[in-house]
Amino acid sequence: TIKPTQSNDNSTANTLIKAKSDAALPGIAPAPPVNAKPAAPKAKTVKIERVVVQPVDDTCPGHDGLQLYVHSQHPKQPWSAMLNQANVGQNNNKYYLIQLVKSRSGESYGVWLRWGR
């Protein structure tokens, strides 16, 4: 119930008075429980991973029968590196490509190197 009260500054304020018992009041039906509806099942979280497959360099002889080596503990990290050097003052660039390749059968391994300007 709400009861008007007098505050110290002589203004009227409304104060909420809590009922002393949870018993139903005469002539008033009790309210239904707040959680009357059954809980909806939780949605499942699905993790989607995109795997990018880096190809063996096109200039490598027999590149169609080769693939980059990938360590079993780091399946998202193929062993391939491209180093670049840019000299703006002299207007020249250099690159160095190194790849660890293996045959598709997994019987042989090799290193492919390429560099240029």
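## Surface and strand content of a predicted model

Of the 117 residues of the protein, 10% count as buried, a class defined as under 20% relative accessible area, with exposed meaning over 50% and partly exposed in between (1.4 Å probe, protein chains only). This is a predicted model, in which local features need pLDDT of at least 70 and side-chain atom pairs count only at pLDDT 80 or more, while totals for chains, interfaces and linings use all residues. Residues are numbered from 1 along each chain as its sequence is written, and side-chain values use heavy atoms, with hydrogens and water left out.

The protein contains zero helices and six strands, giving the pattern β-β-β-β-β-β along the sequence. Helices (H or I, at least four residues) and strands (E, at least two) are DSSP runs, numbered from the N terminus.

Whole-protein values are as follows.

| Property | Value |
|---|---|
| Accessible surface (Shrake-Rupley method, 1.4 Å probe) | about 10900 Å² |
| Share of accessible surface belonging to carbon and sulfur atoms | 56% |
| Share joining residues at least 24 apart, among contacts (heavy atoms within 4.5 Å) between residues at least 6 apart in sequence | 31% |

A nonpolar patch on the surface is formed by L83, Y96, I98, V111, L113 and W115, with about 580 Å² of accessible area together. Patch residues have over 30% relative accessible area and no salt bridge; like charges are joined within 9 Å, and nonpolar side chains (Val, Leu, Ile, Met, Phe, Trp, Tyr) within 5 Å. A salt bridge is a side-chain nitrogen of Lys or Arg within 4 Å of a carboxyl oxygen of Asp or Glu.

Strands β5 (92-103) and β6 (109-116) each supply at least two residues of this patch, and β6 provides the largest share, three residues. I98 lies in β5 and counts as partly exposed because its relative accessibility is 33%.
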